[in-house]
Amino acid sequence: MTEKNYNSLFEQQKNYVSQINDWNNEYFKLNGKRRKFYCLTMGCQMNAHDSEKIIGMLKDMGYDETANENEADFVIYNTCCVRENAEMKVYGKLGWLKNLKKKNPELLIVLCGCMVQQDTVIEQLNKTYNYVDIIFGTYNLYKLPELIATRIETGSQVCDIWKEHGEIVEDLPTVREYKYKSSVNIMYGCNNFCTYCIVPYVRGRERSRQPEDILKEIRELVADGVKEIMLLGQNVNSYGKNLETPTTFAQLLRQINEVEGLERIRFMTSHPKDLSDELIEAMRDCDKICKYLHLPVQSGSSNVLKRMNRNYTKEHYLGLVEKIKKAIPDIMLSTDIIVGFPGETEEDFQETLDIIRKVRYSTAFTFIYSKRTGTPAANMEDQIPEDVVKDRFDRMLNVLNPIIHEINNSQVGQVLDVLVEDTSKQDENIMTGRANNNSLVHFEGSKDLIGQIIKVKIVDNKTFYLIGERV
Ligand code: 5AD
Ligand code: SF4
């Protein structure tokens, strides 16, 4: 693929962008105010990053952003379907939007993201929510200007869901949530088909961006003030396998580490089955790679892991953790855990508690298993009753939280390098930032520190964040 070739895909959208700009300028002339959009993002960092592109395009088209959904002329929900409650929330909000549309018939309602990639959802939308104006999926984000123009011209609903991915479209306008840190996609999709997970069905097969495109984007971000990047992929450890000139993730990291002016590199998500020695060595050698690794375990029981199709055992995972801790002694580990997978016995659950105690995570994202239609696990026997799962979930937190507290206690008295991100929502004089090991740190300071990496001495531990003082 040549650069000229794939850039032209977004080039084609530029006519629509100017058409919608004219339409929005006309509105401004008549009404003295600009049309406003409200964007709700659900789900993972991949979706959050997609929303940055959506917001970039909408601003390019002459819309202003509002945080007040009630006053919006354009409402877009970037949806998630990994767990059922995210979908329920969308349906609930769509009911509410129907009333908003009664008050403002010009309101455009747009749904996109993972949820609408499912046929059952489209059926439901057609049946009950036919007032949604535009629907598009995960593969054709870049077409948003064209879809809006079509909706305006035809006056009818536009639904454009692709079943498969097309080319990777580069160079979309993007508005970053933070000035000093940014996410960068390195790959899309997933080939793993964990039996509980809907992602491979809604995000398609693995495909990697060219290393030179990734490096170009990172250099541009750094030139624009970014100090920390988060490399995103469902399974970054298998980056580059499908490229014409295969490149490993470790090789990519070593190249990124050379980018002048960049200070910190983070990445997610790593799959334990593909985490290579080469990667551990790169993490050890590259000074910009943060001493933090998110390594989802999902369950501590090898039996359950097998039925989850995770392709590793408890012993393999513990072996990896040992290797990583040996190579990078002060690394912090975090994880994802699912409780209540079909057939999970009390013994299986005890194995999960055991692995938590052995690994000692600094953070864990814990989930109750959610049955997703279309995945193999949805048809498995022995779905676990709700009360049993809730009880296990609580018992798991009782094991996890004291460990998180202890790990944070061990940081009290230490001086950490903190990238200052923002003021605290509660108090303007309190700044928040992240240490290299991803610990969240609050300390007294002023706004002019935002974007700087400064030394902070940790003086107190509040379990989910640390209190520090500037030194
Ligand atoms: N139910 C509960 N949690 C799930 N995850 C993915 N699918 C499901 C599901 N059906 C969790 C996994 C994954 C994280 C992003 O979401 O732990 O790592
Ligand atoms: Fe889902 Fe498994 Fe792929 Fe992660 S690796 S996105 S959990 S299928």
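Analyst: Angles under 35 degrees count as roughly parallel, over 145 as roughly antiparallel, 65 to 115 as roughly perpendicular and the rest as oblique. The model is predicted, so local features need pLDDT of at least 70 and side-chain atom pairs 80 or more, while totals for chains, interfaces and linings use all residues. Residues are numbered from 1 along each chain as written, chains are lettered from A and ligands numbered from 1 in written order, and side-chain values use heavy atoms, without hydrogens and water.

Consider helix H4 (residues 84-103) and helix H5 (residues 119-128), whose axes come within 12 Å and cross at roughly 15 degrees. Helices (H or I, at least four residues) and strands (E, at least two) are DSSP runs numbered from the N terminus; axes are lines fitted to C-alpha atoms, for helices over the stretch in contact, with angles from 0 to 180 degrees between N-to-C directions. H4 and H5 are therefore roughly parallel to each other. Their crossing is right-handed, that is, the near helix is turned clockwise from the far one by less than a right angle. On the H4 side, Glu-87, Tyr-91 and Leu-94 make the contact, and on the H5 side Val-121, Gln-124 and Leu-125 do so; contact means heavy atoms within 4.5 Å. By class, 4 of these residues are nonpolar, 1 is polar and 1 is charged (Ala, Val, Leu, Ile, Met, Phe, Trp, Tyr, Cys and Pro count as nonpolar, Asp, Glu, Lys and Arg as charged, the others, Gly among them, as polar).
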